[in-house]
Number of protein chains: 2
Amino acid sequence: MGIFIKRKNMHKFSVITDAPAGTKGLVKELRVRWFLEEIGEPYEEMRFKHSELKLESYLKLQPFGQVPAYQNEDLEMYETGAILLFLADETGKLLPKEGKERANALTWLFALLNSLEPFITARIWLNFSFEKNDVINQIMSQNLMLIQDKLSRLEKTMIHADFVTGEFSIVDIVFVTILRNPAVMSILGDHPKLKNYLVKMEDRPAFLKALNDHSKLYKI
Amino acid sequence: MGIFIKRKNMHKFSVITDAPAGTKGLVKELRVRWFLEEIGEPYEEMRFKHSELKLESYLKLQPFGQVPAYQNEDLEMYETGAILLFLADETGKLLPKEGKERANALTWLFALLNSLEPFITARIWLNFSFEKNDVINQIMSQNLMLIQDKLSRLEKTMIHADFVTGEFSIVDIVFVTILRNPAVMSILGDHPKLKNYLVKMEDRPAFLKALNDHSKLYKI
């Protein structure tokens, strides 16, 4: 009779080695990295050049040609919301398991990814894709109002001072990595709870470790 | 010793009674309604006029002033992705429970809500909010390319002919209710698998029942 040792399932996720300098600290792979640092599990980067993301071999991992794609010995995934949710449930960490705490965490998770982030993504797209003129400025101004309105609503809804839900969870990882974009764009607005929350979260050792390792990709 | 009968937990979700005619069949409450019809559980509408969605009493249920908000005797939620996911897990229906089937379903769920729907929502917003001119047309044209690109990718990725994953799930509810928008806008493009899928899904008895009951709100 042999002795079987179950090998620890190795987490792997894709990263870009030649991303523009302005994306440092804002690429979504940071979410998966931060999560794995928080729960203390080892991982490996799968490194790609930006141009390689459009190859069919990569599109099999991530059909939109984006990072991160995730894989371990058992399965492949993409979309950071899905990856964090799945891994949180698999490991039993950083997400309430049931009842109203889980309902609340899931509500926030989807609200942030579906009702806040798309407006910020749209703003980044408008900024990069079009030269400024009256019409673009008008759209940007309406977009800014929408973002400010959402942030104000979230500021009001955020009843816990420290974390989105009762304790640190994947929802915080998503919220912080979203908020870092309006922070960089200086459009975080007059939202003291959100600003204070962001500063505290960015001081977590696991975040700092993840950010530091992510940033090394910009020196390759 | 008394006999305790656990009352069936009643699902309630908010709907609008005076939505513009053009939104018929496209309002997101249809997702929750369809899900509950599929699993055969009773529900009640919480009816609101559009103007009431901006009252603080409603914003406590749904901080962005949108429908649907969901509640039962135990908890309150919003965001259709969160509601469907939570209820699927609670009832043990219409979502794989574990392993690579669950990983795949979650990947699709988030991909549809985060990487496809926002571009369609942006298009609707641009259509309704701005008069057409050269700049708007240029943005609309780039937006269309992005939507077509995503749809093409999903057409390729959709390996099952009938359902997104191996069997009918909440992912189909989300995908169909998203696809109905580009279908109405006649921008579904040359994607025969998606078109065929949409037609089949819209023929499900639970969908037809949900659509019919939803449509009654437009006759109040």
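**A walk through the helices and cores**

Let us start with B:Tyr58. Setting aside neighbours within four places in sequence, B:Tyr58 is in contact (heavy atoms within 4.5 Å) with B:Ser14, B:Phe48, B:Glu52, B:Leu53, B:Gly65, B:Gln66, B:Val67, B:Pro68 and B:Ala69. This is a predicted model, in which local features need pLDDT of at least 70, side-chain atom pairs count only at pLDDT 80 or more, and totals for chains, interfaces and linings use all residues. Residues are numbered from 1 along each chain as its sequence is written, chains are lettered from A and ligands numbered from 1 in the order in which they are written, and side-chain values use heavy atoms, with hydrogens and water left out.

B:Tyr58 sits in helix H2 (residues 56-59) of chain B; helices here are DSSP runs of H or I with at least four residues, numbered from the N terminus. Because its relative accessibility is 1%, B:Tyr58 counts as buried, a word that means under 20% relative accessible area with a 1.4 Å probe, protein chains only.

Now look for the largest nonpolar core. A nonpolar core is a set of buried Ala, Val, Leu, Ile, Met, Phe, Trp, Tyr and Cys residues joined through side-chain atoms within 4.5 Å. The largest one has 118 residues, and A:Phe175 and B:Phe175 have the most contacts inside it. A second, separate core has twelve residues, among them A:Leu126, A:Val135, A:Ile136 and B:Ile139.

In chain B, the axes of H4 (residues 99-129) and H6 (residues 170-184) come within 10 Å and cross at roughly 20°. Axes are lines fitted to C-alpha atoms, for helices over the stretch in contact, and angles run from 0 to 180 degrees between N-to-C directions. H4(B) is therefore roughly parallel to H6(B), the term for angles under 35 degrees. Residues that meet include B:Trp108 and B:Leu112 from H4(B), and B:Phe175 and B:Ile178 from H6(B).

In chain A, which helix does H6 (residues 170-184) cross at roughly 110°? The partner is H7 (residues 192-201) of chain A, and the axes come within 10 Å. H6(A) and H7(A) are therefore roughly perpendicular to each other, as angles of 65 to 115 degrees are called. A:Phe175 and A:Leu179 are among the H6(A) residues that meet H7(A), where the partners include A:Leu194 and A:Tyr197.

Definitions and conventions
Buried < 20%, exposed > 50% of the residue type's maximum accessible area, 1.4 Å probe, protein only. Helix = DSSP H or I, 4+ residues; strand = E, 2+ residues; numbered from the N terminus. Parallel < 35°, antiparallel > 145°, perpendicular 65-115°, else oblique.
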